[in-house]
Amino acid sequence: MESCKVVENIYLLVIITLISVLQNVFFAQKVERECKNRNMSTSAFERVSCANRNCMDAYPTFLAVMWCAGVCLSQAPAAFAGIIYLLVRQKYFIGYLGQSSQSTPGYLFGKRIISFLSLMCVVGVFNYLLWRYYGSDYKEYVETITNAASTLLLLP
Amino acid sequence: MESCKVVENIYLLVIITLISVLQNVFFAQKVERECKNRNMSTSAFERVSCANRNCMDAYPTFLAVMWCAGVCLSQAPAAFAGIIYLLVRQKYFIGYLGQSSQSTPGYLFGKRIISFLSLMCVVGVFNYLLWRYYGSDYKEYVETITNAASTLLLLP
Amino acid sequence: MESCKVVENIYLLVIITLISVLQNVFFAQKVERECKNRNMSTSAFERVSCANRNCMDAYPTFLAVMWCAGVCLSQAPAAFAGIIYLLVRQKYFIGYLGQSSQSTPGYLFGKRIISFLSLMCVVGVFNYLLWRYYGSDYKEYVETITNAASTLLLLP
């Protein structure tokens, strides 16, 4: 019972984390496969390795922001933003492999989603401070607005 | 008192995290040492640097899955799987250094442990959903089964 | 209300995490910019990329230790140590860029802060075990000592 209450507030985040782990394993297996055919083509190995590294470099940042946003404010929009991020990452990874080496995509991706999640954290902390010093709790309004705003992430 | 209750459910996970941090520092110091002797042998530096990088790439994934599994289901088997993972990682790192450059071990390691921990997360979330929609709590049975299953990780 | 209580114990940690995410984005944008001017000077790109990679390698370790220390013992000194770590990291990154390639700074940085945070985790777990087996709670004394000790991190 006790621990079910804990799970209640984070289960969507746990599901997204699991999906992201599956995706990490998918990326790593791509690297593994290219690693074994390394003598065939160095450039393909370099490209998949670089794509994987860029994704892995950004991964702790993404996890930290998503969990903070989910715990501080509301888990549903945070998990939704997480799914969008994973889709963007998948597209980035695939796009990286297909590109010719001259025109690689940049190092950064998913900036908009990270910004949105950071904003959620800021709002959550701010809301807590308001509650602490003024006793007013705007959490419900804020959650409604956040839910609505998270759909804006679907815009291309 | 309040915060002691929080610690109660995670103290094993905290201990494993601390051990993994110690291991990270051990790896990093190996890299640091080779970095200073870099003029002596480039291949040794490349190998230790690559081994460290592969371990570090997988580290956030491991931490995320272990904590999710520990919080959602039960901390003892999650911490046990964590110890096994750290042993596998140590063996992988040492093995990487000793190998000749022709036959490096693969990029991935500890797949079985990551799968076990992911399965624990899935079971934890599933158990929560069962509790929420049907009111039935199989947590005790599940924990017993998980404890038993975690010993299977000891198989080579 | 319920969730405000959760936020109460972690809001300082969330703020530090947000600042560290901003710093990560700053580092990544430096890499991005050098990546586009890559044809101009390879050595500058190599240096900024290496500095970024070293910072990113240590990032999950830092996050894990800071959160464990903050949750297990006390958030204020953990967050204070986190700020110092971010300053050290900034100095390391800037220093890395300015160095000539012969005398790069080492791979490790912020060892003292990571040690301090690890020690906080150990004390927190130890305090919990004391409370569990002997019923004595020294948390207040420990917190006072930790607060005092964290100022020692300001020493150069």
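Me: Let's start with Arg53(B): is it buried or exposed?
Reply: Arg53(B) is buried, because its relative accessible area is 17%, and buried means under 20% relative accessible area, exposed over 50%, and partly exposed in between (1.4 Å probe, protein chains only).

Me: Before I go on, what should I know about the model and the numbering?
Reply: This is a predicted model, where local features need pLDDT of at least 70 and side-chain atom pairs count only at pLDDT 80 or more, while totals for chains, interfaces and linings use all residues. Residues are numbered from 1 along each chain as its sequence is written, chains are lettered from A and ligands numbered from 1 in the order in which they are written, and side-chain values use heavy atoms, with hydrogens and water left out.

Me: Thanks! Which side chain does Arg53(B) meet in a salt bridge?
Reply: Its partner is Asp57(C), at 3.6 Å from N to O. Arg53(B) lies in helix 3 of chain B and Asp57(C) in helix 3 of chain C, so this pair joins two chains. Helices here are DSSP runs (H or I, at least four residues), numbered from the N terminus.

Me: What counts as a salt bridge?
Reply: A side-chain nitrogen of Lys or Arg has to be within 4 Å of a carboxyl oxygen of Asp or Glu. Side chains of opposite charge can pair when their charged atoms come close.

Me: And Asp57(C), buried or exposed?
Reply: Asp57(C) is buried, with a relative accessible area of 8%.

Me: How many salt bridges does the structure hold over all chains?
Reply: There are three. One of them is between Asp57(A) and Arg53(C), with the closest N and O atoms 3.6 Å apart. That pair joins two chains, because Asp57(A) lies in helix 3 of chain A and Arg53(C) in helix 3 (residues 42-72) of chain C. Both Asp57(A) and Arg53(C) are buried.

Me: What about Asp57(B)?
Reply: Asp57(B) meets Arg53(A) in a salt bridge, 3.6 Å from N to O. The pair crosses from helix 3 (residues 42-72) of chain B to helix 3 (residues 42-72) of chain A. Asp57(B) and Arg53(A) are both buried.

Me: New topic! How many residues of chain C and chain B does their contact take?
Reply: It takes 24 residues from chain C and 25 from chain B, with contact meaning heavy atoms within 4.5 Å. The area buried between these chains is about 2200 Å², and carbon and sulfur atoms give 74% of it. Buried area is the accessible area (1.4 Å probe) that two parts lose on being put together, summed over both.

Me: How many salt bridges are found across the interface of chain C and chain B?
Reply: The rule finds one. On the side of chain C that touches chain B, helix 3 and helix 5 (111-134) of chain C each supply at least two residues. Helix 3 of chain C gives the most there, with 10 residues.

Me: Now chain C and chain A: how much area do they bury between them?
Reply: They bury about 2200 Å², 73% of it on carbon and sulfur atoms. Here 25 residues of chain C are in contact with 24 residues of chain A. The interface of chain C and chain A has one salt bridge by the rule.

Me: Which helices of chain C supply residues to the side that touches chain A?
Reply: Helix 1 (2-8), helix 2 (11-36) and helix 3 of chain C each supply at least two residues. Helix 2 of chain C gives the most to that side, with 11 residues.
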